Each structure stands twice: as C-alpha cells, then as structure tokens.
Amino acid sequence: MSIRENVEADERFSMATPSCSSEIGIAINGNKNSKYMVQWALNKFVPEGNINIKLIHVHPRILTVPTAMGNFLPISDVREDITEAYKTEMHWKTIELLLPYKKMCLQRKVEVEVVVIESNDVPNAIAAKVAELAITKLVIGAPSRSMFTRKPKGLSTKISERAPKSCAVYAISKGKLSSVRPSQLERVQSVYSMNNDISDSSSVISNSSHASSSQSEVGSVTSSCSYQSSSLTLQRFQALKSMNQTLLKPRKLSCDSYYFKYQLTDLEEGKDNADSCSSISDAEHTVSHISSSGSFANDNHSFTSSDQASTFDVCTESSMSESPADLNFELEKLRTELRHVKGMYAMAQSETNAASRKASTTLKDLNKNLLDNSKRLEEIIAEEDKTKALAKEEKEKHEAAKRKAMYVRQCVEREASLKKDAEMKAMHDAKEIEKLEIALTGNLQQYQQFTWEEIQSATCNFSEVLKIGFGGYGTVYKCKFHQTTAAVKVLSSNESCKDKQFLRELDILSKIHHPHLLILIGACLDRGCLVYEYMENGSLEDRLMQRQGTPPIPWFDRYRIAWEVASALAFLHKSKPKPIIHRDLKPANILLDQNLVSKIGDVGLAALFQSDQSHSSTMFMETGPVGTLCYMDPEYQRTGLISPKSDVYGFGMVILQLLTAKPALALAHVVETAVKDGRLEDILDSKAGNWPSEETKELVELGLSCVELFRKDRPDLQAQILPILQRLKITADKARDSASRVHFSPPPNHFICPILKDVMNDPCAAADGYTYDRKAIEMWLQSSDISPMTNLPLSTKNLVPNYTLLSAIMDWKSK
C-alpha cells in the first residue's frame, strides 16, 4: 500500500468514526466579559450539533474567616462549625454567581453543568479539570488590546499554554474572538488538507507541463531528504508520483530530461531557480510546524505557474540536443532516489507500528492499573463501611453501658434515700417508744414550769408593745423563751393559782395533744400564767374582718379550716376518761399560724373563773351557762345543761361566719332568709374568690342545720358533719394546688448559690463569709484559691455547714 493510500485510509477512518457530543468548557470569573464569552460560545458551537457545556469557576482556597471587626482569622483558630458555615455561605454565593450563565445555556436548550474548583493556581486547576473532563474546546476571556501598550503575559496566556494539546483554546475579548490555539487533531487535519491541495495542484501542473512537474518534484525530493516527519514523507510521495507520470510519457522524455538537467545546473550555480527551491523548502518547513497551510499552497502555485512558460521554452529549444546516455543517467539517479525514499518510508512505518504496539501495551497496563486501583478502592470502601459499622456498634454499646451506669447510680441513690428515710423513721419510732415508756412509768414531765422572773424577762416586764390580746380570762403577751417565740396568758384572778380545779384542768390540758389544738408549753404556778405556742396570723375573727389590713382568706382555705375545727372538736368529745366540752367555740378562740392552719384555744378554762363585769361578751355562773351569747346553745342558756351538741351550735355559727365574714348577731336568720329568697350569692364573702356553687350551698345547709334551736335537730359531729367536710376539703385541696401552681413565688435571693445561680441543696459557709452549695464551692476550690465573690485569696478552704439556711430551704420547698 502506498503512502497516498494510507493517508486516504486514515481520512476515511476519521470520517467514519461515529460522532458524539462535544465537551465545551467556559472559564467563568463573574466579570462583564463572562456574559460575552457565554453568548459567543452558544452562537459558535450550538449550530454544530450535540454539545455539553461545562461552566468552570475557580475560587481561592478558604484559609481565613472574616470577623465582625473586619479582620480575618486563620481557619485553625476558628471553631469547626463556624468554618463549615462560612464555606457553605461562600459555596452558595458561587452558585448564585453562576446561575445567570446557566440560565443562558438552558434557554438555548443546551446541557450545562457547573464545575466549581477550589485552588489558588488558576491555570493549573483549569488545565487539570479540562484533562479530567475530556473537554475538547475551551473558551476563556482575554484582556482588551491596545496599540500603544504592551502587557505582560496574562492569565489567559498561561491557561492557553498549560491546557492539554488535545483541547482547542478560544480567547474572547468584548464578545469577539481575540486568538485561537488549535488542538493537535485540528493541526493534523489541516496538514492532511494541505497535502491534498498540494497533490491536486501537482497533478494539474504535470498535465500541463511534464518537464516543469518533473523538475519540481525532483527538487522537492532533494530538498526534503533531511526531514523525518510525516509531512515530508507526503511531499516525497507527491514528487515520486509526478516522476512516475513523467516516465510513462516517452514523447516528452527529452524535454523533461533537459529541464531536469537545467534545474540541477541552476541549483549548482546558485542562479535564478535557487529562489524557487528555497521557496519550496520554506513552504515545507512551514507545513511541518503547522503555522499556515494557505501560504504554502499559494507559494507552490506561484512557483509552478511562474516557471511554466520558461521551462516549456527551454524544452522546445533543447529537446534534440540531449543524448540518450545523459537520459539513462538521470533515470538511474531517479531510481536510486526512489529506493532511498521507499526505505525511509518503511523505516517510518516500522517506527509507527512500534509506537502503536508500545501505546497498546501502555494502554493495557493503564487499564490493568485502573482495574487494580478500582478493586483496591472497593476493598478500602468495604473496609471503611466495616469500620463504620464497628464504630457504630461500639458507640451503641457505650451508650448502653452509660445508660446502665446511670440507672445503677439512680438505683443506688434511691436505695440510699430509702435507707436514710428508714433510719430517720426508726429513730423517730424509737423516740416515740421512749416517750411512751416514760409516760407509762409516770416520769414524763407534762409541761415546763417557768418562774415569775422568767415571765417578766420574756415579756420585757409586760410591755404594752408586746401585748397582742386581752379578754375575760386575762391578757396575752408575745415573748421568747430560749429563742422560741411563744404567747403568755396572764390570768386575771390572783387566787386562781391556788384553786385545786385550776391545777386539775392544767394537768388535763398538758396531756391533750392534737394538731388543731393550741399546745400548752408551760405555766407559772406562782402567778397563774399559761405559756402557749405563738400563732403568727392571730385569730380567725381578725382575719375574717380584715383588721389591721390583713388580706382575705381564700374560700378553699375556709373549707379546710372548717374541717380542722370539726376534727379538733371530735377529738375533745372523745377524750378519756371524760369528754371535754369547749363551751365557748367562736372565731376569736380559733387561732391561725403562718400557713393559715387553725388551732382551737382556751380549752376547758371557761368554767374556772368568774366573769369580768367590764366584758359583757362572756357570762359565767357557778351553776349556770358559760360562753359568748351569740355562739351559746339556746337550750344550754335555758336549762344550764351542757352536752357535745352545745359545741355543734357554736361550730355552726363559725361555718356561717366563714361563708359570709359578717358578725354573728342574727346571722343565722339572715342566711336562712337569703337561701329561701335565692340570694345566697349576695351574702357570701366576695373577697374569698369564686365560690363553687354546689359545694358552697351544701356547706350553707350544713351550717344552718348545726344552729337549729333544738339539740335533737342538729347533726352528729362524727357521723354526719365530718364526712361532708372531708369531701369538701378534697375539693378545696385541688383548688389550692391549682392556685399555687399559677402563683408560684420565686425563691428568696439568699437561697441562690452565687456559683450555680440556683437553689442550694447543701449550703456551706466559706472563709470569705458567703454561703455556697457544697458541690459547687468544692469544685471551685479544686482549681482556685480566690473567693468567687470578692476575688481575694481565701485564708482557708474549710467549709462550715449552714443548717439554719438548709432548714429554711427545706421549708420553702415543702410549701
């Protein structure tokens, strides 16, 4: 197969290759020229057929993060989450920057893909991405040129130089093509096209003037022997073809030989035809470097056309003067040259085959390496998945162990708490048993005895400032005994302390203990003084009437107070060996502590003393009724006979006053009339809140039944009254809990730990005088010797428990 046939076969192969979509790359930097570049690329390449456009954008690597002050911090000095957020923000800004160009491509119905590269070396990054994506055409921006200035090598020049040879680079400036760097494939195709043009022109010249064609082809072969490239081989092939055509025409042989000799003579002597030969050599050199195929064709054509006439003239004039020996010599010389060219072609073909085999071997090695790397990558991915699964399993085990440890800790703490509660209960039971044993043996001291001097000292010599009440039985003072606040009642009768009945009643009162009976702490037998526990909120009468600006009592607390008074009365009526009848139950004798818990006072003392005429509210006769008129049983007033239902009458009056907060005089008639007329809500105390209608109506009916004129018509305290009040108390407790959740008060400031900013569990005083939670201050002292409050050095790290504050915190939490 000849060289011409090989070239044509290669061209047919390239034409027969199935076309696929072209990969077009556009380098975008976001300036005004980027829009022109995209428009130019779409106008240029969309008509060519199926294309894929890659919008390539390179932004610098993120090494610093900006701050609010305007400066920048290295990534190593910034938290990972802030760095990731900043990178995400920059990524979205890049996507927004490229979005208009992507829309331009989508409007032309072109497949487009955005490629974002993070690198500080823009030319190398773009070149690597072009090679990776197999991009065949790259469009870049070029700076505007000026005829008066010369700019140094710019970014577009660097990109063009470093781009793969298989990729054509188009530089665009202001929407116009500034320069082109063709790809290697385009260069080869241009050489093939140029050689075809040369062959066609040589054939024309040979048909018109055989002598000129022979001379031209031989000169071409002679001048190109030193070149080893494929383009020079094609030139030699053209020369040999022309010579063969010349030899097949015997009628023009003499003319051709003469022209060939004439040309050789000119070449030796360096005359006119040397210029033509140098033009052919220069053209061949230009073709080998693929700079301008058109100039070569023009030069060759001019060379042949300019020499046609003169060569033909020389042939006609000297055709008969040439000898056959010279002709044979020239033919032999051409045969030798032909053999030399064939040898060179064979050598070039062998080198091509060797290079092809080497490329095939290299491709196989690359495929093998790629397969091995793929298998190795799959193994690495499988190993990574296995490691992740193992790590996840270990994490789950760790979490399970952590939960188990926490559960065990909670169990231990719960067991410790239960153990502590059991120990405290055991100690309490032991103390109670001890008290019972002492009581059984008769060694229990019933009450504490105070001297008159102690009474005077506790009351500041009976100061008027400490007086909190007075009545028919005596005057009451507020006092303190051994840091305990108490109330001292100084009896009016000076001879009462010598009365045996007073001593007997005193002994009975000291043995009566109930949560809603006023506790007798002690007595001074010399002067007839009784010491009771102190009740902070005074009497129920004062609170109902809101004396001294006290706030009203809520309705649910009034329900509870009614139940508490009824339970205390039931306890008195069941006392052994004889029942105790109060005989003077009224709101003035019901006292309230700081939590509005009620306790009945003046138990069993009314019958001991004669009445004071200055106080008409109490009546006393040695053999007659005792008590306050409005709260006294009518039958007791008429007959002087007392019974437990006498206290029920007084309790009924207390219930009506709890409901209405009105004076007791004629109160039963007023309430009964309002119930009959359907005006119950008009007489209820509106300051107590929103009374529940059904429960309140039931309580009103209970109060009216207790104030019946005849004892037989009054309900039984234990069997009838207490169950109703117990049910109403449950309703009141629910309402109170709801109100307490709504009106929850914050803890006092001295309950808050300065370190934890929360309520202390174990308050301890440090050397700086401040109180902290034990755990918090211990952790503080492990790392510092300075006070958290004063910032001064601590003299010691010893901690002193603050039991007083702990007790106050426990009381606050229990409410």
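Strand β2 spans residues 51-59, and nine of its nine residues are buried. Strand β1 (residues 22-27) pairs with β2 in the parallel sense over six bridges, and E23 stands opposite N52 in β2. Two strands are taken to pair if DSSP finds at least two bridges between them.

The structure is a predicted model, in which local features need pLDDT of at least 70 and side-chain atom pairs count only at pLDDT 80 or more, whereas totals for chains, interfaces and linings use all residues. Residues are numbered from 1 along each chain as its sequence is written, and side-chain values use heavy atoms, with hydrogens and water left out.

The protein chain contains 24 helices and 21 strands; helices (H or I, at least four residues) and strands (E, at least two) are DSSP runs, numbered from the N terminus. Of the 815 residues in the protein chain, 38% are buried. Among contacts with a separation of 6 or more, 64% are between residues 24 or more positions apart, a contact being defined by heavy atoms within 4.5 Å.

Six strands form an open sheet with mixed pairing, in the order β9-β13-β14-β12-β11-β10. Its edge strands, each pairing on one side only, are β9 (448-449) and β10 (467-470). Within the sheet, strand β11 (residues 474-481) runs antiparallel to strand β12 (residues 484-491), and eight bridges join the two. The bridge partner of K478 in β12 is A487.

Aromatic pairs were assigned to rings of Phe, Tyr and Trp (its six-membered ring) with centres within 6.5 Å; planes under 30 degrees apart count as stacked, over 60 as edge-to-face and the rest as tilted. The structure holds 10 such pairs. W40 and Y170 form a tilted pair, with 5.7 Å centre to centre and 45° between the planes. This pair links distant parts of the chain, since W40 belongs to helix α2 (residues 32-45) and Y170 to strand β7 (residues 168-173), 130 residues apart. W40 is buried at a relative accessible area of 15%, and Y170 is buried at 9%. Y170 also forms an edge-to-face pair with F45, at 5.6 Å centre to centre and 70° between the planes. F45 lies in helix α2 and Y170 in strand β7, so the pair ties together parts that are 125 residues apart in sequence. Both F45 and Y170 are buried.

Elsewhere, W555, F556, Y559 and W691 form one aromatic cluster. Charged side chains were also found over aromatic rings, the criterion being NZ of Lys or CZ of Arg within 6 Å of the ring centre and within 35 degrees of the ring normal. R527 lies over the face of W452, at 4.4 Å from the ring centre. The charged end of K729 sits over the ring of W563, 5.0 Å from its centre.

D685 is located in the loop between α20 (680-683) and α21 (693-706) and is buried, with a relative accessible area of 11%. Neighbours within four places in sequence aside, D685 is in contact with R558, L659, T660, A661 and W691. The side chains of D685 and R558 make a polar contact at 2.7 Å; a polar contact is a pair of N or O atoms within 3.5 Å, where, within protein, one must be able to donate a hydrogen and the other to accept it, and residues adjacent in sequence count only if both atoms are side-chain atoms. D685 and W555 are 130 residues apart in sequence and 8.8 Å apart in space, C-alpha to C-alpha.

S784 is buried, with a relative accessible area of 19%, and a polar atom of its side chain lies 3.2 Å from the backbone nitrogen of I786. H669, in helix α19 (residues 667-677), counts as exposed at 55% relative accessibility. H669 and L704 are 35 residues apart in sequence, with a C-alpha to C-alpha separation of 9.2 Å in space.

Methods: Buried < 20%, exposed > 50% of the residue type's maximum accessible area, 1.4 Å probe, protein only.
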